[in-house]
Amino acid sequence: HGMILKDASAYNLAFHQGRWRLLDTLSFEIYEEGQPWVAYKQFCQHFLAPLALMAYQDQRLNLMSRLFIDGIPLDLAVKLLPFRSKLRLGLLTHIHLHARSQTKYADREVSREQVSGKFSQNALVGLLESLRNTVKGLSVKTDGTEWAQYYQDTNYSENAFEGKKALVAQLIERVQPETVWDIGANTGEFSRLASERGIFTVAFDVDPGAVSQNYIQVRKGKEENLYPLVMDLTNPSPALGWAHQERQSLIERGPVDLVLALALVHHLAISNNVPLATLAIFFSQICKTLVIEFVPKSDSQVQRLLASREDIFINYTIEGFEQAFEQQFDMIEKKPVAESERILYLYKTKH
């Protein structure tokens with residue numbers, strides 16, 4: 001169409017109705033023959049460097065994008081990438097040699113007139129095709145992480161698992177939410193109880209492998225209402241950018257109509273030492289209604305958490321849980337999960 005993008009920020013994109021969408025229409029400008037792509041550096045820092053680090057080192061390195069709001073600096077990416085990444089022509093060109101060029105010309109002023117007319121359209125198309133092929137050549141393993149195989153390793157019987165799904169579905173039907181956050185969603189098994197009803201659902205999980213599997217399923221199934229995101233609830237996304245106002249914190253993005261917190265409380269209260277009363281305050285800030293599962297100490301999953309540490313959690317009981325949450329919520333329903341000692345609660349915030 002004779003146009004080009006002058007920006008290549010990852011923040012210009014959003015995942016909407018199962019597809020990535022470019023939001024910043026002001027990024028489009030008329031292409032001028034001979035001009036280089038001014039967003040080349042930004043694309044490499046916002047997209048190529050994070051993807052390469054995830055593919056060659058560890059998926060969790062993508063979280064560096066939260067530290068560097070204008071993309072991961074290429075000189076830093078070079079230090080973190082293994083030598084074998086240089087054997088890929090695209091990574092050698094667009095990251096390693098690009099970083100060296102940035103260092104070489106860091107103190108030199110190069111005007112637009114000096115490069116004008118020296119970068120043909122064919123060269124531009126070649127550059128873009130090289131970037132496309134480099135990105136397509138990167139892949140990330142989605143298994144082998146701590147919780148990616150959670151549903152295969154769970155202690156539920158098949159009847160208990162299906163019974164829990166039926167209970168959660170009933171509670172969702174009762175609330176009739178327009179927006180749902182499933183926190184600790186794993187691969188989205190329970191998230192889909194909401195999203196398949198046409199409810200916009202964000203599926204958060206700390207495990208990047210589980211979130212990747214969820215995302216792949218969304219794309220393959222062309223699902224439009226499920227948004228998988230990596231998030232550590234013990235260190236959620238803060239407000240970012242200038243004056244803390246460019247990007248909102250997690251709490252500022254709520255409250256949503258309904259939060260699902262299934263098989264989560266014991267990890268927060270025992271593994272991360274978060275008091276139940278503190279948990280209740282947090283959940284009351286991000287939702288209007290809450291479906292939450294209490295997993296008692298007698299459950300094998302909790303026993304596994306306590307196996308290597310002293311049990312100092314004297315308030316981690318059904319009574320202690322209900323007392324803590326009823327400071328912030330009104331209990332609407334309390335349902336036992338069949339063939340287990342777990343309990344599902346439906347709460348509504350007091351404010």
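## Salt bridges, sheet and backbone in a predicted model

The count of salt bridges comes to 14. The model is predicted.

| Pair | Closest N to O distance | Places in the chain | Separation |
|---|---|---|---|
| R342 and E293 | 3.5 Å | loop between β10 and β11; strand β9 | 49 residues |
| K297 and D311 | 3.0 Å | loop between β9 and α13 (300-306); loop between α13 and α14 (318-325) | 14 residues |

Are R342 and E293 buried or exposed? Both are buried. E293 and R342 also belong to a network with K164 and D299, joined by salt bridges that share partners.

The pair R197 and E173 has another setting. R197 is partly exposed, with a relative accessible area of 39%. E173 is partly exposed too, at 40%.

**The seven-stranded sheet**

An open sheet holds seven strands with mixed pairing. The order is β7-β6-β5-β8-β9-β11-β10. Which strands stand at the edges? They are β7 and β10 (329-336). Each has a single partner strand, so one side of each is left without a neighbour in the sheet. From one strand to the next, the twist averages 15 degrees.

Within this sheet, β8 pairs with strand β9 (residues 287-294) in the parallel sense. Five bridges make up the pairing. V256 stands opposite C287 in β9.

Two helices lie across parts of the sheet. Helix α8 (residues 158-175) lies across β8, β9, β10 and β11 (343-349). Helix α8 runs at about 15 degrees to β11. Helix α10 (residues 208-220) lies across β6 (200-205) and β7. The angle between helix α10 and β7 is about 160 degrees.

**The hairpin and a surface patch**

Strand β2 (residues 13-16) and strand β3 (residues 19-22) pair in the antiparallel sense over four bridges. A14 stands opposite R21 in β3. The two strands, β2 and β3, form a hairpin with two residues between them. Q17 sits in the turn and has a positive phi of about 55 degrees.

A nonpolar patch lies on the surface. M3, L22, F28 and I30 form the patch, and together they have about 380 Å² of accessible area. M3 belongs to strand β1 (residues 3-5). M3 is partly exposed, with a relative accessible area of 42%.

**Backbone exceptions**

Most residues other than glycine have a negative phi, and most peptide bonds are trans. Some residues here depart from that pattern.

N186 has a positive phi, near 55 degrees. N186 is found in the loop between β5 (179-183) and α9 (191-195). Is N186 buried or exposed? N186 is buried, because its relative accessible area of 5% falls under the 20% cut-off.

N273 has a positive phi of about 60 degrees and is not a glycine. N273 lies in the loop between α11 (265-271) and α12 (276-286). N273 is partly exposed, with a relative accessible area of 43%.

Which residues does a cis peptide bond join? The bond joins G254 and P255, with omega about 0 degrees. P255 is placed in the loop between β7 (226-230) and β8 (256-261).

Note on methods:
Residues are numbered from 1 along each chain as its sequence is written. This is a predicted model: local features need pLDDT of at least 70, side-chain atom pairs count only at pLDDT 80 or more; totals for chains, interfaces and linings use all residues. Side-chain values use heavy atoms; hydrogens and water are left out. Patches are made of residues with over 30% relative accessible area and no salt bridge: like charges are joined within 9 Å, nonpolar side chains (Val, Leu, Ile, Met, Phe, Trp, Tyr) within 5 Å. Accessible areas come from the Shrake-Rupley method with a 1.4 Å probe; for residues, only the protein chains shown count as cover. A salt bridge is a side-chain nitrogen of Lys or Arg within 4 Å of a carboxyl oxygen of Asp or Glu. Buried means under 20% relative accessible area, exposed over 50%, partly exposed in between (1.4 Å probe, protein chains only). Two strands pair if DSSP finds at least two bridges between them. Axes are lines fitted to C-alpha atoms, for helices over the stretch in contact, and angles run from 0 to 180 degrees between N-to-C directions. Contact means heavy atoms within 4.5 Å.
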